[in-house]
Amino acid sequence: MIENKEHFKEHYLAKFSRLHGKDIHEGTLLDKYVALAGLVRDEIAGNWIATNNTYDQPHHKQVYYFSIEFLLGRMLETNLINAGLRDIAEEALHELGINLKELEQQEADAGLGNGGLGRLGACFLDSMASVGIPGHGCGIRYKYGLFKQKIVDGFQAELPDDWLKNGNAWEIRKPDKAVEVRFGGQVKVDCIYGKLVFIHEDYEPVLAVPYDMPVVGYKNQVVNNLRLWSAEAVHKDFDFSTFNRGEYLKAVEYKYAVEAISQILYPDDSNRSGKILRLKQQYFFVSAGLQSIVNRYKKKHESLEGFSDNIAIHINDTHPALCIPELMRILLDQEGMDWDEAWTITNRLMSYTNHTILPEALEVWPVEMFKALLPRIFLIVEEMDRRFGQEVLGRYHGNWQKARDMSIISDGLIRMAHLAIVGSHSVNGVSQVHSEILKDHLLRNFNLFYPGKFNNKTNGISHRRFLLKANPGLAKLITKTIGPTWIQESVDLENLLNCVNDPAFQEKVEKVKGQNKEILARYIQDNCGITVNTASIFDVHIKRIHAYKRQLLNVFHIMDLYNRLCADPNLDIVPRTFIFAGKAAPGYQMAKKIIKLINTLAVKVNNDPRIQEKMKVVFLENYNVSLAEIIIPAADISEQISTASKEASGTGNMKFMMNGAVTLATLDGANIEIGEAAGDENIIVFGLTVAEVLNFYQKGGYNAWDEYHHDPRISTIMEQLVNDFFPDSKEEFRDIYNSLLYDNDEFFVLKDFASYVVAQNRVDELYRQRNAWNKMCIYNIARSGRFYSDRTITEYARDIWRV
Ligand code: 26W
C-alpha cells in the first residue's frame, strides 16, 4: 500500500519502467498517464477482489443497476480522490517534474451516454460504492461513445468518438465470464409430462464478453463493479470450412452484424429510434447481465428460492425493461419454475425509474419486429399482458376501455413503460413535481391500480466529482472554514451559514469564483479565440439542445438586450457573457437550427463595436463531462428555464447550486426543490407553473400571435429571425419563426418572455450588490447538501432495494 510521497514515487517509477521498458524521461504524457492509472489499479485491486468476495457470502443482498447509458467522463482523478491518493500523487509527480492535470487530460472521456440519464447512472455508481452499498452497474461497452461535436460555420458536425483508440486503462476483459445471447429463430412448444416446454431453435448466437471496471468508494476500501458487455461473433476465428464452401462473405457479414450490436451509442436523448439494432442492444446487455447474475448466484446457492431476497435489479428508464421477460424466461425455461413462482420472484426484485414524460421518448416496439427478433420473449410478454388484462377486467368489472388503456400490447405496439410498471414492485419519478405528474396524469391509471407502487426519489449528483474534484479552490475554502466532515456528511455544509454575513468569507468565496472564471476565460480564449471579461456576469446555459429546454428563450433575451444596447449604447448594464454548450441529436433538425442561431448571433454581437464589450456570446463545442467540470465552477448564473412540467428533474441545476451559482429558474423539475432548499430569496424564479402549462394543454387558450401583437419586443425579435438582421442567413431561421407563430409555440417561449426579461433584470440589479450576491451564493452552496446522490441512493436502498 502507498503510504506517502516517497512510496508513491518509488512505486510509480517501478510501474513505469515495468510497463513501458524505458526510462521515464523518454516517456510520452500518454505513457505517464497509463503508468499512473496502472499504479492506481494495482492499489485498489485487493479491495476490488475483497469487496466481491464479501458480496458472494450467502445472504449478502446485492443491487444491479441496469442502464443502457453510463456517462462516466474521466476516472483517473476521482479514483485517486476516492482511494485517498490524490494529494500524495500530485506532490510526488510534481517532484518528478510531472503535472497531474496534464496526465489527467490524456484520458479520453468515457462518453457512454447522452445526458442526464447516463450521468445520473454514473453518479449513482460513485455513491453506491462510497456509501458502501453492494451495487453494480450493468451496461454496454460501446466502441464509439457519444459523437464528438465540431462547430463548422456555426453548424453542428458529428465525428466518431473513438474513445478506445488508446485503450481503456480501467477495464479488465473477462472472456471466462462470456455468455451467449440468442436472437431470431422460432420457438417450438412441446408438452412433456403435462408441462409446456419452450424450445428456442434456429437462433443467431452472439457472444457477450464482459469488461469490468472498478467503482472505487470514497476512502472506505469498497470497490464495486461496472460490467460493460461487448458483442463478438461466437466463432471468431476464420473458419476455413465456410471459406471452402464459399460462405466466406456470409461469415464476415455475420461477424460484423454481431459486432454492430455494441459498436455505437444511439445519440438520441428524447426521441425513440425504433431501430431494430437499438432493440438488439437492449436485449443483448439485459440477457447477458441477467445470465451472469444467475450463474454467479447459483455458484453460491443450491436453489433460486431466495433469489429475490438477495438480488435487486433496477431498470434505468424503459431501455432495460426487457429484464422482466428475460428473467421470466430464465426462471421458466432454464430453472423449470412455474409461472406464479417465477412471477413472484421477478416482481419482487425488479424496480423501474421513469425519467421523462415526453411522448416521443416513451418507447414502443412494433409487435412484428419484436416477435421476429425475440420470439420466446414475445410469448412471455403476451402471457404477461393476458394475465394483467384479466386482473384489470376483474378489478374494474369488465371495463374493457380501462383494460385497453393499460394493456402492454396495444395497436400492434408493445408499450415498454407499461411492461416496466406491471413487472416491477416500485416505480419512481426523479423529482417531487415529476413524480406527481406521473401519478396524477401520465400514469394515473397505474397509480390507482397499484396503490403504493409509485414513489419519488429526487435526483442527486456526486459532490466528490462536481465539487471536490471540479472546484478544488472552493472545496479547500469550505474545509478550511468548517472542517472536512461535509465530504461525508451533506448536512454539515449548512455550517457555512455561520459565516454567511462575514464579509471576509464572502470575499473569499467571490475570489474563488473569480479564479475559476479566469480558468474558463482562458479556455474560451484558447478554444474559441474570444476574449471575455471576467468581471462580467457568466450566464451559463449548458445541456442537451432541446426545444423544451428553451435555449431559444435565452437567445431572445440576448437579442432584446442587444436591441436595447444598439438603441442606447450607454445603457447601464452589468457586462454579460452568455455561455452556451450542448449537443443536438443528429436527426433533430430544430435543435441543430438553434445551435446555428446561437453561433450566428454570437458573431453579430461579439463583433458589433456599439456593444462596447458589454456583452459577449460564446458557444463552446463538444460539451461533455470534462467540459462541464471546467464551466460549472465559473458560473454566476445557472440557466434552468425549461417549460414547466417538461424537465423531469435536471441534475446540472444541482451542480451549479453546489458551486455557488444563482439559479434562474422556472418552477419545473428539481428547480422547485432547489428553491425550497436555498430559500426563495436565493433563487430567481419566473414563468408559467406546471399547473398553468397543463391547463393550457388541456383546455387550450394560448395563441402565440397574441404575444407577438402585444409585445413589440417580441415582434421585433420574430421579424429579426427572417429579415436582414442576420444578413448572411436570411431564410436560415424561418423554421424557428414558423414553429413559434404558425405551430403555436408548443413550449410557451413567447408566453414566458416578458417574465424572463424581468428576472434577467433582477439578476443585473442583484449582481451589483456584491455582498448580497455573495450571500446568495453561500446560501446555495450551504443548502446543496440534500442534492448529494449519496442521499438519493440511500433512499433507493432503504425504500426500493431494501439493501
Ligand atoms: C429512446 C430515446 C431516449 C433516450 C434517453 C429517450 C429518453 C432518454 C432519457 C430518459 C432522457 C434523459 O436523459 N432524461 C433526463 O433524465 C435526467 C435524470 O433523471 C433528468 O434529470 C432530466 O430531467 C431528464 O430529461
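Me: Which helix is D31 found in?
Reply: Keep in mind that this is a predicted model. The helix that covers residues 29-56 takes in D31. So by the DSSP runs, numbered from the N terminus, D31 is found in helix α2.

Me: Is D31 buried or exposed?
Reply: The relative accessible area of D31 is 12%. The cut-off for buried is under 20%. Because 12% falls on that side of the cut-off, D31 counts as buried.

Me: Which residues does D31 touch, leaving out those up to four places away in sequence?
Reply: A touch here needs heavy atoms within 4.5 Å. With residues up to four places away in sequence not counted, D31 touches F16, H20 and K22.

Me: How far apart do the C-alpha centres of domain 1 and domain 3 lie?
Reply: Domain 1 is made of 1-55 + 74-108, while domain 3 is 517-691 + 751-785. Between their C-alpha centres the distance is 37 Å.

Me: Which domains each give at least three residues to the shell around the ligand?
Reply: In total, 22 residues surround the ligand, and H355, N459, E647, S649 and G650 are the closest. By class, that shell has 6 nonpolar, 9 polar and 7 charged residues. At least three residues come from each of domain 2 and domain 3.

Me: Which helix gives the most to the shell around the ligand?
Reply: The helix in question runs over residues 116-131 and puts 3 residues into the shell. That makes the answer helix α6.

Me: Is I641 buried or exposed?
Reply: I641 is found in the loop between β23 and α25. Its contacts include H541, K549, R550, L553 and Y756. Because its relative accessibility is 1% and the cut-off is under 20%, I641 counts as buried.

Me: What distance separates the C-alpha atoms of I641 and T666?
Reply: Along the chain these two are 25 residues apart. T666 is also among the residues that I641 touches. From C-alpha to C-alpha, the separation is 5.2 Å.

Methods: Residues are numbered from 1 along each chain as its sequence is written. This is a predicted model: local features need pLDDT of at least 70, side-chain atom pairs count only at pLDDT 80 or more; totals for chains, interfaces and linings use all residues. Side-chain values use heavy atoms; hydrogens and water are left out. Domain bounds come from an automatic or database domain assignment. Helices (H or I, at least four residues) and strands (E, at least two) are DSSP runs, numbered from the N terminus. Buried means under 20% relative accessible area, exposed over 50%, partly exposed in between (1.4 Å probe, protein chains only). A residue is near a molecule or strand if one of its heavy atoms lies within 4 Å of it. Ala, Val, Leu, Ile, Met, Phe, Trp, Tyr, Cys and Pro count as nonpolar, Asp, Glu, Lys and Arg as charged, and the others, Gly among them, as polar.
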